[in-house]
Amino acid sequence: MSLSSDSAPPLKATSSGLAGRVDPVTATLVLIGLSTVLRLLLAAILGLGNGESYYVASARQLSLSYYDQPPLFLWLVHALQGVSEAAWWLRLPFMAMFSLATWLMYRLGCRLFSPWAGFAAALCLNLSAVFFVSVGGWIQPDAPLMLFLLAGALCVLNALEQPFTVSSPRAWIWWLAAGLAFGLALLSKYHAVLIVAGLFVFLATTRDYRRWLFHPAPWLAAVIVVLVFVPALIWNAQHDWVSFRFQAGRSLGQAFRADWLAKNIAGQALWLTPWIWLPLLLALIAALRAGPRQWRSWFLALMAAPTILVFTATASWADVGAHFHWQAPGYLMAFPLLGEALARRARVAGRQVVRGLALSAIATACLLTLLASHAATGWLRTTPVFAGVKDPTLEGLDWWELKETAQQRGWLRRDKLFVAGTQWHQTGKIDVQLGAKLPVLCLCEDPRNLFFARNLADYAGWDAILIGQDQYFRDFDQRWRPYFSAVEPEPDIVIQRGGRAEIILHAYRARGFKPPFPSRLQPVEGGRRAL
């Protein structure tokens with residue numbers, strides 16, 4: 001695939017062969033409305049996942065930044081918790097941000113190519129599972145990241161359109177707006193640094209726009225990016241740069257592992273949905289091959305490729321597990337390329353394109369309906385094919401039974417009592433249900449940000465309720481019993497789905513907590529309290 005040569009500077013959209021059938025603006029607005037309603041339905045059906053629950057627990061304490069991620073989205077969650085802790089309420093701004101990002105995707109495709117290329121890009125974005133479900137509906141840093149990346153890209157295009165003079169006020173305004181947008185993206189997730197780096201490579205390698213490297217505005221924009229990111233820098237400086245060391249450590253590994261690389265690529269394809277991932281990847285490869293002579297595609301390709309390449313390469317030597325979404329910000333910037341490819345194809349085979357998009361929409365809808373219905377009811381586990389198979393949707397169960405149990409057993413009426421989880425993700429599950437009423441601590445080797453949320457020394461002598469699953473309570477007598485004066489078991493707590501027992505939680509009443517509890521973060525003495 002190759003895009004039409006366009007070395008001249010004007011940034012005006014070209015006409016599309018789909019013009020005259022339906023108004024693309026109306027089609028995009030209908031898409032946004034329909035997809036938003038569907039994501040609201042999914043939010044009502046699906047409980048908070050492990051990551052979401054952990055983030056809700058982390059956001060309970062306001063801090064300049066956090067162990068796993070920069071702070072912007074957690075600041076938002078913290079503010080929302082002051083009104084309500086209902087899952088739909090906490091997810092609502094993230095769904096709204098993705099709806100706005102869908103509109104900006106349309107505008108980006110329209111700005112670079114054509115209105116129908118913009119619509120096709122927005123549609124394909126919503127047909128991709130990782131964007132429609134995860135980015136568009138879950139409590140994560142990705143929704144603000146994607147929103148501000150797209151806003152930053154549009155600001156840059158507006159800046160490039162302005163006269164190249166130091167006295168041009170509009171050039172300054174758009175470059176500084178781009179700096180603010182990319183700064184907010186970086187304050188959402190560290191991935192943004194790769195997108196910004198790709199942008200500067202674009203400027204350096206594109207003849208007609210290289211001169212902007214000699215204009216002060218882009219460099220001042222870069223300064224603004226850093227200034228917006230200052231809260232995260234201050235927090236890290238005060239905590240031995242622990243967040244940067246944690247993220248860098250995840251890229252360390254062993255020798256080349258072809259199986260890890262293949263697993264990661266397959267996971268990317270599955271998360272993006274294969275019928276979107278493959279043409280999206282082909283469009284990106286074509287843009288890279290076309291090079292800077294076709295600056296429109298080159299602009300997108302250089303902002304897309306670094307993230308995809310870096311995290312895919314990392315998976316070939318580091319065990320990154322199921323983090324198949326790490327490449328998503330890169331793929332985001334490639335969707336206008338796919339939109340333009342579809343719009344050009346429609347000029348000669350419009351019916352085939354419409355039929356293909358319709359089939360993609362049906363396939364995505366069927367897949368999501370299957371998974372959502374199972375996540376809500378667990379019906380697939382009753383079939384012989386899936387009986388006994390590990391079920392990842394169990395991570396999306398809300399542990400509602402904890403609230404009833406706490407009330408029945410009088411936990412809420414006791415003084416100097418905290419609840420403790422044995423894993424960072426399960427502690428998040430507990431906190432979602434009980435964190436507004438009781439202190440929830442993570443007593444485990446890897447507490448992540450929960451280590452910084454509370455000072456364990458403040459709870460010396462307190463009683464505790466320890467909650468966890470059997471596989472995490474192994475070696476209980478060696479790992480937990482020594483840190484309490486006395487421990488006695490309580491009845492198990494059964495988490496149900498569709499009327500069936502799905503998760504068995506063991507509970508222990510422990511008396512006289514004796515901190516500190518060992519963890520790999522213990523040496524970071526200054527990081528026990530939120531700022």
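Helix 15 (residues 295-314) is mostly covered in this predicted model, with 16 of its 20 residues buried (under 20% relative accessible area, with a 1.4 Å probe and protein chains only). Helices here are DSSP runs of H or I with at least four residues, strands are E runs of at least two, and both are numbered from the N terminus. From first C-alpha to last, helix 15 reaches 29 Å, close to the expected 28 Å (1.5 Å times one less than the number of residues). Helix 15 bends by about 30° at A305 (the angle between axes fitted to the seven residues ending there and the seven starting there). A proline, P306, follows within four residues.

The model is predicted: local features need pLDDT of at least 70, side-chain atom pairs count only at pLDDT 80 or more, and totals for chains, interfaces and linings use all residues. Residues are numbered from 1 along each chain as its sequence is written, and side-chain values use heavy atoms, without hydrogens or water.

Helix 2 (residues 50-59) is largely enclosed by the rest of the structure, because 9 of its 10 residues are buried. Among them are Y54, Y55 and V56. The buried residues pack against several helices, including helix 3 (72-81), helix 4 (87-112) and helix 20 (contact means heavy atoms within 4.5 Å).

The loop between helix 20 (450-453) and strand 3 (463-468) holds R454. G461 lies in that loop too. At 48% relative accessibility, G461 counts as partly exposed (between buried and exposed, the latter being over 50%). G461 touches G512 and F513, leaving aside residues up to four places away in sequence. The C-alpha atoms of G461 and K514 are 6.4 Å apart, across 53 residues of chain.
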